[in-house]
Amino acid sequence: MSDLVFVKNKFGNPKLYHEGYYYIIDKYYENHMEWKCDQYQIPCHGRIHSNFLKSPIKITINHVCEPDSDKLKALEFIGNIKSDAKSGQPIRTIIKSGLAKLDKNAYLYLSNNEALKKSLLRIRR
């Protein structure tokens with residue numbers, strides 16, 4: 001079983017990455033959380049239970065969608081440049097240096113440079 005990785009979605013809510021799949025919070029219970037596959041519109045009915053934001057994980061329903069590790073790299077890139085935006089470096093430099101380190105397959109999950117620039121400018125306000 002792999003480690004849990006949490007990233008934030010565009011609204012700042014937690015998104016769980018586990019064994020190649022992404023999950024968003026579906027329901028809170030007294031002693032656990034239920035997460036649903038972020039591809040639920042396909043419809044993929046993949047679901048897991050967690051002890052809130054910690055292990056252990058219990059897979060309750062299997063997926064119909066395919067796992068995707070490149071999306072995690074793109075989400076981490078976006079999180080990194082957003083945290084770097086608070087530094088004072090020029091936005092163009094932040095994006096350029098981040099893209100230089102990014103795997104080519106993860107580019108598919110990114111917005112264009114103008115949209116990235118606008119999101120960083122919003123953070124600086």
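Colleague: Where is glutamate 19 found?

Modeller: Glutamate 19 is in the loop between β2 (14-18) and β3 (21-28). Strands here are DSSP runs of E, at least two residues; helices are runs of H or I, at least four residues; both are numbered from the N terminus. This is a predicted model, where local features need pLDDT of at least 70, side-chain atom pairs count only at pLDDT 80 or more, and totals for chains, interfaces and linings use all residues. Residues are numbered from 1 along each chain as its sequence is written, and side-chain values use heavy atoms, with hydrogens and water left out.

Colleague: Why is glutamate 19 called partly exposed?

Modeller: Its relative accessible area is 40%. Buried means under 20%, exposed over 50%, and partly exposed in between (1.4 Å probe, protein chains only). So glutamate 19, at 40%, is partly exposed.

Colleague: What is the phi of glutamate 19?

Modeller: Near 50 degrees, a positive value in a residue other than glycine.

Colleague: How do you know what span to expect of α3 (residues 113-124)?

Modeller: The expected span is 1.5 Å times one less than the number of residues. Helix α3 has 12 residues, and 16 Å is expected. From first C-alpha to last, α3 reaches 17 Å, close to that.

Colleague: Which residues of α3 are buried?

Modeller: Leu116, Ser119 and Leu120 are buried in α3.

Colleague: Why do the buried residues of α3 line one face?

Modeller: They fall within an arc of 100 degrees seen down the axis, so they line one face of the helix. The arc is that of the directions from the helix axis to the C-beta atoms.
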